[in-house]
Each structure stands twice: as C-alpha cells, then as structure tokens.
Amino acid sequence: MKKLVSAGVAALLCCTAGVAQAEVKIGMITTLSGGGSTLGIDVRDGFELALKQAGASDVKLLVEDDARKPDVAKKLADKFIQKDKVDILTGIIWSNLAMAVVPAATRKGTLYISPNAGPSALAGKACHENYFNVAWQNDNLHEAMGSHANKAGYKKTFILAPNYPAGTDALKGFKRMYQGELTGELFTKLGQDDYAAEISQIRASGADSVFFFLPGGMGIAFMKQYAQSGVDVPVMGPAFSFSQDILPAIGDAALGVANSSQWGKDIESEVNAKFVKGFKEAYGRLPSLYASQGYDAANLILSAMEKADVSDKDDFRAALKEADFASVRGDFKFGNNNHPIQDIYVREVVKEDGQITNKIVGVAIKGHQDAYASKCRMK
C-alpha cells in the first residue's frame with residue numbers, strides 16, 4: 001500500500017504554542033477504500049482540518065488505508081510502531097479492527113487515541129492507560145435510543161445489527177435502557193446489502209417500531225429497501241445509520257427518522273461554528289459526526305502537546321486525561337476508563353435548503369458514562 005503523508009500538514013503556517021518538543025509522529029489507520037470508506041475519509045479530513053487550523057507544524061501525520069480488513073490493520077500498526085516509530089496511533093473505524101490492533105499496541109507502550117470504535121472489551125476489565133476514546137463507548141448512542149423509545153411510547157420494537165463487536169454492543173446498549181417488548185432480534189452479516197428476509201420478518205412481527213444499527217453502505221441499502229417494501233412501521237437508530245456522509249444516498253426515505261448523536265452541526269458554540277464553516281470551505285460538503293470525532297481527536301492531542309512532551313509518557317497521558325480542549329460537542333470529560341462522559345442528543349432527519357441533514361430536537365441522556373467503567377481498574 002502506498003503511504004500517504006498529509007499534504008495539509010506539510011505546508012502549515014506556524015508552530016503551536018506551548019511545550020517545546022520534537023516532532024510528534026501520528027500514524028492514522030483508517031478505512032479509505034471499499035465499503036465504509038466515507039467514514040474513514042471523514043475522520044481523516046476532520047483530523048487534518050484541526051491540524052491545519054492550529055498551524056501544527058510540529059506534527060507529522062502518516063495515513064494508511066486498512067481496507068476494512070483486520071489483518072491489514074494489524075500489519076499497518078506493526079509498521080507504524082516498528083519502522084516509522086510513531087508516538088501515537090489513531091483512526092480505526094471498525095471495532096473488529098480495533099480489537100486486532102489496540103490491545104497489542106497499547107501493551108507495547110504506544111498511545112492509541114480512538115476517533116470512533118469503542119468496543120466494550122476495551123472499556124471495562126481490559127481498559128488501558130494508553131488507550132483513550134474521544135468518540136463514545138459503542139453502547140452509548142444505542143442506550144440513548146432505548147431511552148428515546150421509552151419516551152416516544154414504543155412498546156413492541158424489532159431490533160437488528162451486524163454480527164461483529166459493535167453490533168453486539170449496539171443491541172446490548174438498546175436493551176439496557178428499553179423498557180418495552182422485543183418482537184424480534186437479528187444479527188445480520190457484516191457488509192450485507194440485501195435485507196429482504198429481515199424486512200419480511202419485521203412485517204410479520206407486529207412491531208410498532210424498528211431499531212437498527214447498520215453503518216455506512218449497510219444502512220443505505222436497508223433504508224432504501226425498507227422504503228420500497230411499503231412497511232410503515234417507524235424506524236430509529238444511532239447517528240451511524242443517518243450520518244451526513246450517507247444521507248444523500250438514502251434520500252427522502254430518511255426524512256423524519258429519529259437518531260442519536262453526541263454531536264450536531266447546529267450545536268451553538270464558537271468552536272462548532274468554526275469547525276462546520278472550516279470543513280465546508282475545505283472540502284465542499286457538510287461534516288458528519290465522524291468528521292467531528294476526527295477533529296476532536298486532533299484537538300485533544302494538540303491540547304496535550306501544549307502541556308507535556310510526548311516522550312514523557314506519564315506527563316503526556318495526564319495531559320490527555322485532562323481533556324483541556326474545546327470540543328465541538330460541548331461539555332466533554334474523560335471517565336476513569338478514558339472514555340467520554342457527555343450528553344447524547346436526539347436528532348431528526350430534515351430537509352434544509354433542499355439538502356437532507358440532521359437537526360437536534362432534544363437531549364436523550366445528560367452526562368452519560370458507559371456501563372463498563374465500573375469494571376475498569378483505573379481511577
């Protein structure tokens with residue numbers, strides 16, 4: 001695979017203020033080709049935008065495509081650590097890839113900053129001082145939709161998700177909060193693109209609602225087929241199934257759907273406005289939650305660089321733990337297991353100026369911490 005060095009980082013304007021230190025090398029392993037590539041592209045673009053806006057000339061960002069394959073991700077991690085001598089790894093989208101890379105990398109002393117995947121295994125007993133997740137723990141947005149389903153008065157919900165770590169976490173999270181009856185529970189194949197059988201089961205189940213977690217192209221395929229099926233049971237899901245990168249492909253079938261997210265482009269803050277405006281100017285499209293997570297991940301690292309030298313792992317970890325940066329989502333802090341404690345919103349898919357997008361309509365859960373933090377030995 002061809003190694004990519006961020007072009008934007010190479011031509012930055014000035015140095016960041018703070019602790020004088022040698023160049024910090026960051027290895028980004030993310031999905032840039034094939035199914036789910038829009039997720040990785042948005043994480044990369046959001047990350048690079050933060051570096052450009054900060055003028056971070058003391059950061060060298062190396063980017064590689066994992067093609068959504070665990071064995072490729074592991075080889076790239078080994079290369080970054082052993083050959084390129086990176087200080088920090090980041091970028092992985094998929095939880096099965098994270099489980100192939102993160103435990104070994106953190107045991108070797110490499111810092112890993114997750115801008116997306118947050119498998120439950122890494123939040124509880126297997127938490128590690130070198131692992132920080134800037135996005136969420138996998139269950140969180142699904143827990144929020146379980147809470148929303150209760151408030152919406154749903155009593156008989158059909159649930160489905162792909163059969164991989166994030167999928168099992170998703171359904172566990174929804175069930176943890178949901179108080180009604182399940183009329184069906186299915187695990188689909190990762191990367192599946194035909195949902196005729198599943199939709200047929202939903203039709204026959206007597207459900208009054210459907211909750212699904214199908215990120216990327218899987219969500220596009222499901223929603224298009226669901227709309228064509230004529231089944232009129234309302235659907236809901238996490239932001240992953242209704243993120244800005246896939247909404248244009250889903251089209252009007254997504255209008256009115258409720259989904260959960262820790263971020264929205266309409267959060268009123270100076271830093272979020274700067275992010276949304278800067279992203280649109282740089283890339284010619286609206287940012288997704290994946291872009292917001294890449295942006296926050298970079299700004300977390302930059303905030304730590306202002307307080308500590310990355311060569312001093314103890315000091316740098318402490319600086320990361322402080323999370324002394326302005327997050328685009330609003331209030332943000334790390335829990336004992338280095339996962340966020342944060343508000344999670346309910347959004348609705350709407351059409352604004354002819355463009356399909358999301359609008360925040362309420363708060364699902366305030367100051368939420370994941371269910372696995374109590375099992376983590378860290379404080």
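Ala, Val, Leu, Ile, Met, Phe, Trp, Tyr, Cys and Pro count here as nonpolar, Asp, Glu, Lys and Arg as charged, and the others, Gly among them, as polar. These legends show a predicted model, in which local features need pLDDT of at least 70, side-chain atom pairs count only at pLDDT 80 or more, and totals for chains, interfaces and linings use all residues. Residues are numbered from 1 along each chain as its sequence is written, and side-chain values use heavy atoms, with hydrogens and water left out.

**View 1. Helix 5 is largely enclosed by the rest of the structure, because 10 of its 13 residues are buried.** Helices are DSSP runs (H or I, at least four residues), numbered from the N terminus. Buried means under 20% relative accessible area with a 1.4 Å probe, protein chains only. Look for Asn140, His142, Met145 and His148, which are among the buried residues. After the helix comes Gly153, with a positive phi near 85 degrees.

**View 2. The largest cavity has a volume of about 110 Å³.** Of its 15 lining residues, Asn116, Trp136, Tyr164, Ala166 and Phe213 are the closest to its centre. A cavity is a set of points on a 1 Å grid over the protein atoms alone where a 1.4 Å probe fits but cannot get out, and lining residues have an atom within 4 Å of a point. Volume is the space filled by probe spheres set on the points, which are joined across faces, edges and corners. The lining has 11 nonpolar, 4 polar and no charged residues.

**View 3. The second largest cavity holds about 70 Å³ of space.** Its lining includes Trp263, Lys265, Pro287 and Arg347. By class, that lining has 3 nonpolar, 6 polar and 2 charged residues.

Notes: Buried < 20%, exposed > 50% of the residue type's maximum accessible area, 1.4 Å probe, protein only. Helix = DSSP H or I, 4+ residues; strand = E, 2+ residues; numbered from the N terminus. 1 Å grid on protein atoms, 1.4 Å probe; cavity = no way out; pocket = protein on both sides within 12 Å on 5 of 7 lines; lining within 4 Å.
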